[in-house]
Amino acid sequence: MYKKILMPVDGGSASIQGLREAVRFAKDQQARLRIIHVVDESVLAQYPEAMDVTGGLLATLVDDGKKTLNDAVARAKRQGIKAEYVLYEKLLGPLSDLILREAKKWRADIIVMGTHAQSGIQHFFLGSAAETIARSTLLPVLLIHGAPAVKRKRAAKRKN
């Protein structure tokens with residue numbers, strides 16, 4: 001049985017679908033759930049012209065991260081799961097490394113992640129944090145495909 005489930009969230013649809021599964025899994029396993037969000041400051045380095053002197057954009061990213069975490073924790077609570085949560089405001093190195101460090105530090109039994117299922121040239125250039133995590137840890141990793149609802153409904157109809 002899994003007693004400690006780690007769930008990174010970014011507020012996107014794939015992340016929300018992953019969270020739904022993590023919450024269901026936590027209920028089923030009577031496990032603890034830790035939700036993490038990372039404010040990726042490297043985005044700002046890619047667009048230095050967007051930064052203002054007051055750091056307003058960074059503050060907005062942090063505020064959005066807090067909202068994402070609060071929404072995720074509230075979603076878990078509505079399902080009867082009291083989730084722990086952590087906000088990382090600085091990303092030093094790849095996102096996958098930070099998630100793996102958190103899993104090790106917290107002694108997670110499993111990592112649950114929503115995945116965007118990028119393919120082709122976009123995947124070649126951007127890579128996938130979920131894929132890197134799955135390949136870099138001995139922990140079980142449950143990847144939840146974040147297909148749009150329309151695609152999921154079509155796939156379900158084909159199965160029937």
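**Group meeting: contacts and cores in a predicted chain**

In this predicted model, 75% of the chain's contacts with a separation of 6 or more are between residues 24 or more positions apart; contact means heavy atoms within 4.5 Å. Residues are numbered from 1 along each chain as its sequence is written. Local features need pLDDT of at least 70, side-chain atom pairs count only at pLDDT 80 or more, totals for chains, interfaces and linings use all residues, and side-chain values use heavy atoms, with hydrogens and water left out.

Next, the elements. The chain has 7 helices and 5 strands, in the order β-α-β-α-α-β-α-β-α-α-β-α along the sequence. These are DSSP runs numbered from the N terminus, helices being H or I of at least four residues and strands E of at least two.

Of the 160 residues, 36% are buried, that is, under 20% relative accessible area with a 1.4 Å probe, protein chains only. The chain exposes about 10300 Å² by the Shrake-Rupley method with a 1.4 Å probe, and carbon and sulfur atoms supply 55% of that area.

Now the cores. A nonpolar core is a set of buried Ala, Val, Leu, Ile, Met, Phe, Trp, Tyr and Cys residues joined through side-chain atoms within 4.5 Å. The largest one holds 20 residues, and Ile5, Met7, Leu33, Ile35 and Val112 have the most contacts inside it. Two or more residues each come from β1 (4-8), α1 (13-29), β2 (32-38), α3 (56-78) and β4 (110-115). Helix α1 gives the largest share, 5 residues.

Take Leu33: beyond its neighbours within four places in sequence, its contacts include Ile5, Met7, Ala22, Ala76 and Trp106. Apart from this core lies another, of 15 residues, among them Val86, Tyr88, Ala103 and Ala130.

Definitions and conventions
Buried < 20%, exposed > 50% of the residue type's maximum accessible area, 1.4 Å probe, protein only.
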